[in-house]
Amino acid sequence: MEINSSNKGATNSPLPHHPFFSQSSNPATLTDCLDAIDRANAVIELINSLELSEQNGGLSERALFGYYWVNSLVQSALTFVNVRLNELQLESNKQLHSQSLVTGLFQALESMDKPHQDQFLRPVARHMGMETSELLDTLKDISSRSTRPPLDK
């Protein structure tokens, strides 16, 4: 399994199978990202509890390699999580913006008299293969969704 960022920057390189994302989908969801942060935090706490001083024998070459690998693993996970959470925030902002535009349009349509609503919506409804009332109901449904809390991505 590979985890990719949809961002076109340098962080778009695929990550190898990553234990912090063992249950993830592609692209990672908010829950996947939060789980990865929890796992990274647990690894950091584990490493911080180790006695790594010279007086306790220090680290063998093999242990040093393992420490380097775990450090790289945590860094790669947190870098990816940062990028993905930013993408999720942008997606959410775009969705909220679109929904607020539809809400504004619907509120404006509600303030119009029925003949004016029909005159305004008829060409759009015809183009979409709908009745004017169906289009108005669709706009009402989209508008009502903007007042509901967003679902996890």
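What follows is a set of questions and answers on how terms apply to this predicted model.

User: What are the ground rules for the values?

Analyst: This is a predicted model, in which local features need pLDDT of at least 70, side-chain atom pairs count only at pLDDT 80 or more, and totals for chains, interfaces and linings use all residues. Residues are numbered from 1 along each chain as its sequence is written, and side-chain values use heavy atoms, with hydrogens and water left out.

User: What makes the pattern of the protein α-α-α-α?

Analyst: Helices (H or I, at least four residues) and strands (E, at least two) are DSSP runs, numbered from the N terminus. The protein has four helices and zero strands. Read along the sequence, that gives α-α-α-α.

User: Why is α2 called oblique to α3?

Analyst: Two packed helices are described by the angle between their axes and the distance between the axes. Axes are lines fitted to C-alpha atoms, for helices over the stretch in contact, with angles from 0 to 180 degrees between N-to-C directions. The axes of α2 (residues 61-110) and α3 (residues 114-128) come within 9 Å and cross at roughly 140°. Under 35 degrees is roughly parallel, over 145 roughly antiparallel, 65 to 115 roughly perpendicular, and the rest oblique. Therefore α2 is oblique to α3.

User: Which residues make the contact of α2 with α3?

Analyst: Contact means heavy atoms within 4.5 Å. Leu105, Leu109 and Glu110 of α2 and Gln117, Phe120 and Leu121 of α3 make it. They divide into four nonpolar, one polar and one charged. Here Ala, Val, Leu, Ile, Met, Phe, Trp, Tyr, Cys and Pro count as nonpolar, Asp, Glu, Lys and Arg as charged, and the others, Gly among them, as polar.

User: Where is the kink in α3?

Analyst: The kink lies at Leu121, shortly before the proline Pro123, and is about 45°. The bend at a residue is the angle between axes fitted to the seven residues ending there and the seven starting there. Just after α3, Gly129 takes a positive phi of about 70°.

User: Why is Phe21 called buried, and why is Leu85 called partly exposed?

Analyst: Buried means under 20% relative accessible area, exposed over 50%, partly exposed in between (1.4 Å probe, protein chains only). Phe21 is at 1%, so Phe21 counts as buried. Leu85 has 27%, so Leu85 is partly exposed.

User: Where do Phe21 and Leu85 sit?

Analyst: Phe21 lies in the segment before α1. The C-alpha atoms of Phe21 and Ala36, 15 residues apart along the chain, are separated by 6.1 Å. Leu85 is in α2. Neighbours within four places aside, Leu85 is in contact with Leu30, Cys33 and Ile37.

User: Which residues of α3 are buried, and what do they pack against?

Analyst: Gln117, Asp118, Leu121 and Ala125 are the buried residues of α3. They pack against α2 and α4 (132-145). Of the 153 residues of the protein, 25% count as buried.
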